[in-house]
Amino acid sequence: MYVEIIGVILIFVALRALITKNIAERLLYLNVIGFGVSALIALVINTPFALIVAAAFFICSTISANAIAYTLKKLDEEILLD
């Protein structure tokens with residue numbers, strides 16, 4: 001049941017990411033997709049190796065979230081300078 005709920009949320013967020021014109025919103029939606037995929041990997045594949053893959057994907061998602069936060073900060077500074 002959790003897989004279906006996360007899947008529906010991911011589809012909704014992916015559609016929102018495609019529709020939105022704002023770069024900041026799109027980056028945040030991509031962040032949610034990254035964390036959702038790591039959750040799906042851990043839930044769908046029930047092996048110890050899947051947990052390692054999900055953990056690696058989660059770490060990479062965390063790094064990308066930091067990159068997104070840095071980009072959003074730069075966008076805010078750019079808007080203030082204009």
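Let's start with the radius of gyration. A compact globule of 82 residues would come out near 12 Å. This protein has 15 Å. Keep in mind that we are looking at a predicted model. Along the principal axes, the C-alpha atoms fill roughly 50 × 25 × 15 Å.

What is it built from? Three helices and zero strands. Reading from the N terminus, the order is α-α-α.

How far can we trust it? The mean pLDDT is 85. Of the residues, 94% reach 70 or more. Confidence is highest in α1, with a mean of 93. It is lowest in α3, residues 48–81, with a mean of 81.

Now helix α1. It covers residues 2–19.

Which residues of α1 are buried? Gly7, Leu10, Val13 and Ala17. Look down the helix axis, and these buried residues fall within an arc of 135°, so they line one face of α1. What do they pack against? Helix α2, residues 23–44.

The face away from the buried side carries exposed residues: Glu4, Val8, Ile11, Phe12 and Ile19.

Tyr2 also sits in α1. Is Tyr2 buried or exposed? Its relative accessible area is 63%, and the cut-off for exposed is over 50%, so Tyr2 counts as exposed. Tyr2 and Ala14 are twelve residues apart in sequence. From C-alpha to C-alpha, they are 18 Å apart in space.

On to α2. This helix has 22 residues. From first C-alpha to last, α2 reaches 31 Å. That is close to the 32 Å expected at 1.5 Å a residue. Its buried residues are Leu27, Tyr29, Asn31, Gly34, Gly36, Ser38, Leu40 and Ile41.

Pick out Ser38. It lies in α2. Why do we call Ser38 buried? Its relative accessible area is 6%, and buried means under 20%, so Ser38 qualifies. What does Ser38 touch? Leave aside its neighbours within four places in sequence, and the contacts are Ala54, Phe57 and Phe58. Helix α3 covers residues 48–81.

Next, the record. UniProt has an unreviewed entry here. Under "transmembrane region", the entry lists residues 6–23, 28–45 and 51–72. How do the listed spans look in the model? Take residues 6–23. That span is 83% helix and 0% strand. Its end C-alpha atoms lie 24 Å apart. Now residues 28–45. Here we have 94% helix, again with 0% strand. The end C-alpha atoms of residues 28–45 lie 26 Å apart.

Last, the whole chain. How much of it is buried? Of the 82 residues, 23% count as buried. And the contacts? Take those between residues at least 6 apart in sequence. Of these, 52% join residues at least 24 apart.

To recap: three helices, zero strands. The buried residues of α1 pack against α2.

Notes
Residues are numbered from 1 along each chain as its sequence is written. This is a predicted model: local features need pLDDT of at least 70, side-chain atom pairs count only at pLDDT 80 or more; totals for chains, interfaces and linings use all residues. Side-chain values use heavy atoms; hydrogens and water are left out. UniProt positions are given in the numbering used here, feature names are shortened, and annotations may be inferred rather than shown by experiment. Helices (H or I, at least four residues) and strands (E, at least two) are DSSP runs, numbered from the N terminus. Buried means under 20% relative accessible area, exposed over 50%, partly exposed in between (1.4 Å probe, protein chains only). The arc is that of the directions from the helix axis to the C-beta atoms. Contact means heavy atoms within 4.5 Å. pLDDT is the predictor's confidence in each residue, from 0 to 100. The expected span of a helix is 1.5 Å times one less than its number of residues. The radius of gyration is taken over C-alpha atoms; the globule rule is 2.2 Å times the number of residues to the power 0.38.
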